[in-house]
Each structure stands twice: as C-alpha cells, then as structure tokens.
Amino acid sequence: MTFIPSPDGAPIGPRRRVRGARVDDRFNLLGAAAAGLALSTLIFGWVTPLSGGLGWALVAFLAFIGFYALLVSITSDFQDVKDRVMAVLLTSAGVVLFGALVFVVAFTLVRGQEALPHLNFFTQSMEKAGPLDGLEMGGIAHAILGTLMQIGMALVITVPLGILTALFLNEVGGRFARFVRTISDAMTALPSIVAGLFVYSAIIVLITHQRSGFAASMAITVMMLPIVIRASDIVLRLVAGNLREAAYALGSTRWRTIWHVVLPTARPGLATAVILGTARGIGETSPVLLTSGVTAVVNTNPFEGPMISLPLQVFDFVKSPEPNMIARGFGTAAVLILLVLTLFAIARLIGGRAPGDLTVRQQQRVVAASLRDLHRITIQGDRRFELISAEKTTTPDTNDTKESSS
Amino acid sequence: MSRTINAPSPARTAPHTEAFPLEKERRRALVSKPSVSDSVFRSVAFTAGGITVAIMLAVGVFLSIRASNALGVAGFSFLTEQDWSPESRVFGIASVLFGTVTIALIALVVAVPLALGTALLISEVAQGRLRSTLVTLVDLMAAVPSVVFGLWGVFFLQANVVPVASWISTYFGWIPFFRVSNATGGALTESSAFTSSAFIAGLVVGLMVVPTTTSVMREAFSQAPIGEREAAFALGSTRWGMIRSVVLPFGRGGIIGGTMLGLGRALGETIAVYMIISPIFTINWQVLKTGSNSVSALIALRYGESSEFGLSALMAAGLVLFLVTLVINFTASSIVARSRSGAESS
C-alpha cells in the first residue's frame, strides 16, 4: 500500500525565484559595486602589494564579490547567496572573455586607422616603397590579389570535393563512408604548420622547386577540406527524413531526390559551411608562410614565383622595426579582419535559418505556386481559386490564401 | 545497395493465386535496378570520398616516410635530446615538446574557467536575443585569424603583462614554476627577463582556444533535459543548485571533450607563438622567464635553412605533433560521444 505523507504539518518555504530581479537586487549589485570600487581606491597601495591598473581592478572585483555576498545574505539564506554570487561570477567570466575578444579585434582596427585612410594602400603594391617611405607610398594590392587568387583556387577544389564527400557520407553510406568520416575527423587535428610542411616538401622540394601561389592554395585546401566536409555533413544530416521519403514515395531516383530535394533544402546551410571554411582559410598564416614565399610585387601567375597573401603580409610587415611598416601591418590586419567579418555576416544572413525554414517572401511564393497547382489540377480548386482571388481583391489581408493552400 | 531485401524465391512460396494468374510465374522484385544517373552519382560520390581519403592518407604516409630517415638516425634519443642541430646529427624534441606542452597547459588554465563560465552564462543565464548574439559572437571569434591574436600579444599584452608576471614571481617565487632566476639562482627583477615568455604565449593561445572550447561546452549544456531541470527546481533548488546537480553532471562529457579539443588546438598553434616567444633549445621550467619554444615554432623557424636531412628531422617533429593532437582529438570525440549529452546529438 502506498503511503502518502500528509502535507498538513510540513512547513512550506518561501517560493524560490529562479529568474528575474527585484528592485533591491539591483540596488544590492549597485551598492556592492560602489563599495568595492571605493574600498579598492582607499586601500590600494597600502595594504596590497600589487601595482598598476590591473591590481586595482582585481582588488575592486574581490571586494565587490565580498560586499555583494554580504548584502544578499541580509535577506536570503546560504543557498541563495551561493546562487547570486555564482551568477555574478558567470557573468563576469562572460564579460572578461567578450571584453578581451572584442578588444583584440578593436585594437587591431584602431591601430590600423593610421594606414587605412590612404587610398594608395589599396591600389599600390610595395614594389617601389622602401621601409622608410611614408604611408602615402606603397600598399597591399599585391597581397589582396594573392589572397583572392589563393582562396579562389582552394575553393575550386574544396567546394565540389567537400560537398560531394559530405553527400557520400550521408546519402550513400556504408563501411567505406564510416572510414572516410573517421579520416576526415582525424584531419581536423592536423596542425596547420604540418600541412604547410607537407606541401613544402612534397610539392615545392620534389616537383616545382619554387614557392608559388599554387602551392599555398594546396596547403590551404588541406586545411579547409575537413572543415567544409564536417560543416556540410552536419547540415545534410539536418535535412528532414520525411522530405526524402516523400521524394522516394513519388518514385524519384536517388540522384533526383538529392538534386531536387536534399540539396535545395540544405542550400543555405551548405553556403554557410563554405563561407565559414573560407573565413578560416583566409586567415591561415602558418601553411602559407612555408609555401607561398614573400614578395613585394603583384604576381598574377599562381604557378610561377612567390605570391604573398594578407596574413603573411601582416607577419612580414611587423617583423620590421620601422613604425611605418608596423602601421602598414596593422592596416593589413584590419583589412583581413574586415574581410573575415564580412564573410561571416554574409554567412549569418543566408545561413541563419534551419533547412526548410523559409523567409516570408519564399513562403508567399510557395503559397502562390501551390495555389496555381490547385487551380490547374481541380475544377473544385478552380472555383476556390476564383473565390479566393475575388476575396483578395476586396480584402488585402491574405490570411485565407495560406489556409486554402494547406 | 545496403537496403537490399532478399525476396523469397517464387518456387518456394508460390501462393494460391488463381485469381491472379499473371503473377504466378514471376514475383515483382522489391528492389529496382539503380538508374544510370544513380550509379553515376554513386560512383562520383565514392570517388570524392576516395580522393579525400587519399589526400589525408598522403599527408600521413608522406610524413611518416620522410620522417623515418631522421628517426632512424636519432632513434630513441629523438624524444630525450634537447638540442636541435641535425647537421651534426644531434637533435631531439625534448625541449620543444616541453615548451609546446607548457604553453598549451597555461592556455588551458586561462581558457577553461573562462569557457566554462561563458558556456554556462550563454546556456543558463542569458535569454532571448542576448543569448543568440553571444552565440554568434563566440562563433565569430573562432574565425579571427591567429596572426591578429599574435599582433595583439606582441604589441599590447607583452608590455602590459610584464608587471603582473613580475609580481607573481616576486610573491609566488617559492613555487618552482613561478621562479625567475639567472644561472646562479639569484632572482631577476628587471622587466627584460619577463618578456617573450611561455606565460605570455600561453595567455594569447588561451584566448584563441576559448571560442572552440566554449561552443563545445555550450552545446552539451543546452541539451540537459528540461524534465530534470524542472525536477531540480521543483525540489526547491536555486538556479546554481540546478546547474550543479543537473547541467554540470549531464555536460561532463562536453566539458572534458571541449577542454581536450582546446588542448589540441593549443598544441598546434604556430603564428601567435612564433611571434611572441624567443626560441631556446633547453627545457625552461620557469614559465615566466624569457625563452620558450614549441614544435610548430621550430618548424616555422628552421624549414627554410634545412638541408634534405634537416627537413626530414623537421618532418619527424611534425609527425610527433600530429600524432599527439590526433590522439587528443580522438579521445575527446569519443568522450563526447560516449557521454550522455553526446549520445543524443550524433
């Protein structure tokens, strides 16, 4: 027999608040922060052996945590104090991390401002500019061109190969596919410098005997391929199974299913995968360091002579002690970051939604198409179509069209 | 095709189908013959998979073959010798491997608490738009080129972190790691003794691996079952209590796996380390002191001047690095896959 304890005698504690904040919570936070800052300013330098801004901030933070725990403990029990303090700690971990990361990017952009306003920075190469020349001489046109050509060649190989391999993993399957997946996972562990060393000793030393843009693009390909395969693999796995089954049930072959159902559904995701791979590939420095060679002139022949790219140009500029060269290095790094940010923004724009998740305009187009089909197929539908279009002319609100199409 | 269903032979199961005399002789095959386009697609996809494997295997096999020359000469001393001069046949990766591991461990000390805190912040505390913004920001930061981190490390962090390093060595110098001393054992205090150290390189690399680690951990945490979360709340738990009793145990595989993936990336990082450290070829236990090295920095430093044999020695170093990261990555992914949080995702 089940014994149900009687709830009569048991005390019912106050309800825990899991989310949200009362006014006094906010005051607790503000008060503790003010007290922490004040205490730190007061005792800093006498009691603590630390010096500099960092020490002050550290003491202020510790004092803030202490005061906050004290303030919360006035009104709450120990569990609540722990909860509040941990929430503050988690938030500060986030603030520190995002602060540091944003600072890294912002630091480069701000230091790059010295070189960026000069238009010649984008149109000239460093051919005629010496290390002592001012910023109104010379630029990084050769590096921009080199990056575009190298990444272009790498994309020509990685995009078809990567997506086909991902299709193989998902649509064909079998024992060999599992082996391919294992190998490509292993490949993500390949350190970039080792990829560069491989291309250097396999292609440059053995075959071409000179550094070239082609060798660099091969090194980038080796690095990008596993990224593209893995990202497209995930996207293809997300394509809903019932879409595929519907296609098979309609009698389509495997290839037609892939071409007309799987790939169109996964298109935004695949584009995102490729763009993210590109963003990674553009930033690769160490494989390019070994394979492309350093040059100051524009080189449009990928098979002949050194061809520098943006990250390597950054690396090369900042090796120089001249302030102008360092300014150019930061300018180049800023261009590189902006390029990566742009690629990333494009990827977000087209890849922000799940496969099959349509935009409003796409939805309207689908509704219109199925309405046309209905109109074409049935007399009944014909009548409804007329009815609806008559309704549509009277009321611009189009809620009915959606209902009729479903 | 793997889905072939063996249709029972018509003779054995000939049904009593007087009403359908036409089907008596021949049963319909359950599996149709693949069309031409299908078989073309299958062979093309198979070839693509084959090419991918061929590229990957070519890297591994080529590295091993070229490295075997140097490994044969050096033998076991390759792992114990600190110096690197292949020309005089005295070379080994003891010092560079030590430096690599030191830098990676410092990076993890920085990265893991930050990543854990941020992952919990994103999955448990932040809500709505803020959450998706933070997720995007983490993904974006994973794509920032390493040369940018290197620039920041050299031109900003280097100058600003020296007082901190000096302070640590002054007050925690009794811990052997944090001691900064010269050859005779006297403590050094001038700031030039603290630049270009493994500590600074570790800080920068740590910042670089945080995004990777964070996104793996966040993925695991966000899969913690809602029912168990609500059960914890129903038993009167606070949010932190719920995190400790539900989210953290559930995401343990993600925490370990994310940490190890971060470790793998930290071991292979080249440019940022190369820009910051001043290379030495002795084991330096004092992480705050100038001078360290890593396998990838060694390759970047020496590949140009190397002879045929020197290149082979560098290949051997690269092979060791590759094997180490490979083992770490596979361990990480099997831990993630075996944990509760990973079982449902893959």
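**Helix packing and chain contacts in a predicted two-chain model**

The axes of helix H6 (residues 198–222) and helix H9 (residues 252–268) of chain B come within 8 Å of one another and cross at roughly 155 degrees, where axes are lines fitted to C-alpha atoms, for helices over the stretch in contact, and angles run from 0 to 180 degrees between N-to-C directions. H6(B) is therefore roughly antiparallel to H9(B), a label given to angles over 145 degrees, whereas those under 35 count as roughly parallel, 65 to 115 as roughly perpendicular and the rest as oblique. The crossing of H6(B) and H9(B) is right-handed, that is, the near helix is turned clockwise from the far one by less than a right angle, anticlockwise being left-handed. This is a predicted model, in which local features need pLDDT of at least 70 and side-chain atom pairs count only at pLDDT 80 or more, while totals for chains, interfaces and linings use all residues. Residues are numbered from 1 along each chain as its sequence is written, and chains are lettered from A and ligands numbered from 1 in the order in which they are written.

On the H6(B) side, the residues that meet H9(B) include Val205(B), Val209(B), Val216(B), Met217(B) and Phe221(B), and among their counterparts in H9(B) are Gly254(B), Gly258(B), Leu261(B) and Arg265(B), two residues being in contact if their C-beta atoms, placed from the backbone, lie within 7 Å. The residues of this contact of H6(B) with H9(B) divide into nine nonpolar, eight polar and two charged; Ala, Val, Leu, Ile, Met, Phe, Trp, Tyr, Cys and Pro count as nonpolar, Asp, Glu, Lys and Arg as charged, and the others, Gly among them, as polar. Arg252(B) counts as partly exposed because it has 15 C-beta neighbours inside 10 Å; a residue is buried with 20 or more other C-beta atoms within 10 Å of its own, exposed with 12 or fewer, and partly exposed in between, the C-beta atoms being placed from the backbone.

Chain B as a whole contains 13 helices and two strands, these being DSSP runs numbered from the N terminus (H or I, at least four residues, for helices; E, at least two, for strands). Of its 346 residues, 48% are buried, and 76% of the contacts in chain B between residues at least 6 apart in sequence join residues at least 24 apart. Chain A has 16 helices and zero strands, and 41% of its 406 residues count as buried.

Between the chains, 71 residues of chain B are in contact with 82 residues of chain A. Helix H1 (residues 36–74) of chain B gives the most to the side of chain B that touches chain A, with 18 residues, and the residues of that side divide into 47 nonpolar, 20 polar and four charged.

Helix H14 (residues 360–377) of chain A lies largely in the open, since the number of buried residues among its 18 is zero.

Two loop residues have positive phi values. His209(A), in the loop between helix H7 (192–208) and helix H8 (213–237) of chain A, has a positive phi of about 60 degrees although it is not a glycine, and it counts as exposed with 9 C-beta neighbours inside 10 Å. Arg89(B), in the loop between strand E1 (84–85) and strand E2 (90–91) of chain B, has a positive phi near 60 degrees and counts as exposed with 11 C-beta neighbours inside 10 Å.
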